[in-house]
Amino acid sequence: MKALDELTFDNRFARLGDAFSTHVLPDPLDEPRLVVASDAAMALLDLDPAVAQTPVFAELFSGHKLWEAAEPRAMVYSGHQFGGYSPQLGDGRGLLLGEVYNAAGEHWDLHLKGAGMTPYSRMGDGRAVLRSSIREFLASEALHALGIPSSRALCVIGSSTPVWREKQERGAMVLRLAPSHIRFGHFEYFYYTKKPEQQAELAEHVLNLHYPECREQPEPYLAMFREIVERNAEMIAKWQAYGFCHGVMNTDNMSILGITFDFGPFAFLDDFDAHFICNHSDHEGRYSFSNQVPIGQWNLSALAQALTPFISVDALKEALGLYLPLYQAHYLDLMRRRLGLTTAEEDDQKLVERLLALMQNSGVDYTLFFRRLGDESAALAVARLRDDFVDLAGFDAWAELYKARVARDGEYSQAQRRERMHAVNPLYILRNYLAQNAIAAAESGDYSEVRRLHEVLSRPFEEQAGMEQYAQRPPDWGKHLEISCSS
Ligand code: AMP
Ligand code: MG
């Protein structure tokens, strides 16, 4: 266990120099206070969780103090936003403080979001509000606990600094952790500004630090791109299987590591709805729930375009062709497990599709359906779940297929079935209304609800005593909340 001043820095991105990022000091927030910290994320830095309670912790992560070895930098990147190219984006309100490595030899970027203006702030104020910082914190840690690759969050620090959005709010900072903060948009920036040398430097950096095994391949850059395709296919399969809607899949929000990145108006589905749009400024539904799958490929194509100086177009196309089959394989594998199946049959895809079609517009809670399905034997569970469906005849027909399929799957006790299914079907997910409750309490100075919710979501598959209220469908006010995109 380390004390706060014992972190070891090795700022490899900063060393790429001024073509890649700009030195900027954090602009501190007034009266900083700890809102919430993640013990699990603290462990990634070998930090003793107790240090989160010390005043210096809140000072470090609100911009008042800095380690001597930190090198705060604002990164430059660009990207496709809602299909159109934005030639210059960059860290407009976040700073890469540096890269820290732990006793296990893992490197973690420390990124302080909400740290003030940078050369990339454009019209923005460089700030993040408490509401959005709490949402990013909860989502990062909750996705990780579900087994969905994600950036992590160490803590949220609140303050008394006023920040204007639709109304006056309070500034906050969230400390994000990721092995890299490089986005698809980094490659696009150097490609479209025609800086081949820097682009090659960036590619070497990513290859050496994050895809060293690809060095062994005859075409290392191509191997790396393939790996990025694979990781994205797997990540998006997990989003779809668990009902996570990202909301702003612009290429500047896509990580080169295939981890969920940059949380805005995201949502987990309550009732199943394939066409759900969580971002209310997404009028066309470009980033609707079911569109996430083709958009994943669109984004990879945008990255592929930026890699044409290094890789032949034919090879890139071939690698892109891996995306859909890989996505489908991962998705089906997860959905089979969610249904309690241990073997594979050809018609399983249809079984899943039919179920989702029945759920559509039925008002069936997506998370609780699967959890309840494992509570009892297949026959008892479907009989109990039946009433939630609108098309009862349709559901009965599906239930017959499902029971027969379960029977063919193998012999196991209900206890085994339940254990196996509950291990992949969460009881608790980050429902928007739960986040909203925690935010409302935090905005009035009570952080206990954020902390409790974080705790519950850190063990989503385990039934926790006294936490029934977190495993409920949303109350009427909590359905279809409009989440502000301003953050
Ligand atoms: P986002 O929608 O959060 O992914 O942000 C898109 C771009 O806008 C990024 O370059 C951000 O750094 C920048 N940005 C978002 N909010 C602010 C803000 N309040 N101040 C400055 N820049 C911002
Ligand atoms: Mg972003």
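Predicted model: local features only at pLDDT ≥ 70, side-chain atom pairs only at ≥ 80, totals over all residues.
Residues are numbered from 1 along each chain as its sequence is written, and chains are lettered from A and ligands numbered from 1 in the order in which they are written. Local features need pLDDT of at least 70 and side-chain atom pairs count only at pLDDT 80 or more, while totals for chains, interfaces and linings use all residues; side-chain values use heavy atoms, with hydrogens and water left out.

Start with the chain. Select 4-183 for domain 1 and 339-422 for domain 2, bounds that come from an automatic or database domain assignment. Their C-alpha centres lie 42 Å apart.

Next, select ligand 1. It has 16 residues around it, and Gly 90, Gly 92, Arg 122, Asp 125 and Gly 126 come nearest (a residue is near if one of its heavy atoms lies within 4 Å). This shell holds two nonpolar, seven polar and seven charged residues; Gly counts as polar, and Asp, Glu, Lys and Arg as charged.

Now show the polar contacts (pairs of N or O atoms within 3.5 Å). At Arg 122, a polar side-chain atom lies 3.0 Å from an oxygen atom of ligand 1. At Gly 126, a backbone N or O atom is 2.8 Å from a nitrogen atom of the ligand. At Arg 127, a polar backbone atom is 3.3 Å from a ligand nitrogen. The protein buries 78% of the 480 Å² that ligand 1 exposes when taken alone (Shrake-Rupley method, 1.4 Å probe).

Ligand 1 takes up space in the largest pocket (more than half of its atoms lie within 2 Å of the grid points). A pocket is an open set of points on a 1 Å grid over the protein atoms alone, where a 1.4 Å probe fits, with protein on both sides within 12 Å along at least five of seven lines; lining residues have an atom within 4 Å of a point. The volume here is about 830 Å³. Of its 33 lining residues, select Gln 81, Arg 93, Arg 122, Asp 262 and Ser 487, which lie nearest the centre.

Last, go to the second largest pocket, of about 370 Å³. Asp 270, Phe 276, Lys 479, His 480 and Leu 481 lie nearest its centre. Its lining has 11 nonpolar, seven polar and five charged residues.

Conventions: Polar contact = N/O pair within 3.5 Å; in protein donor to acceptor, adjacent residues only side chain to side chain. Points joined across faces, edges and corners; volume = space filled by probe spheres on them.
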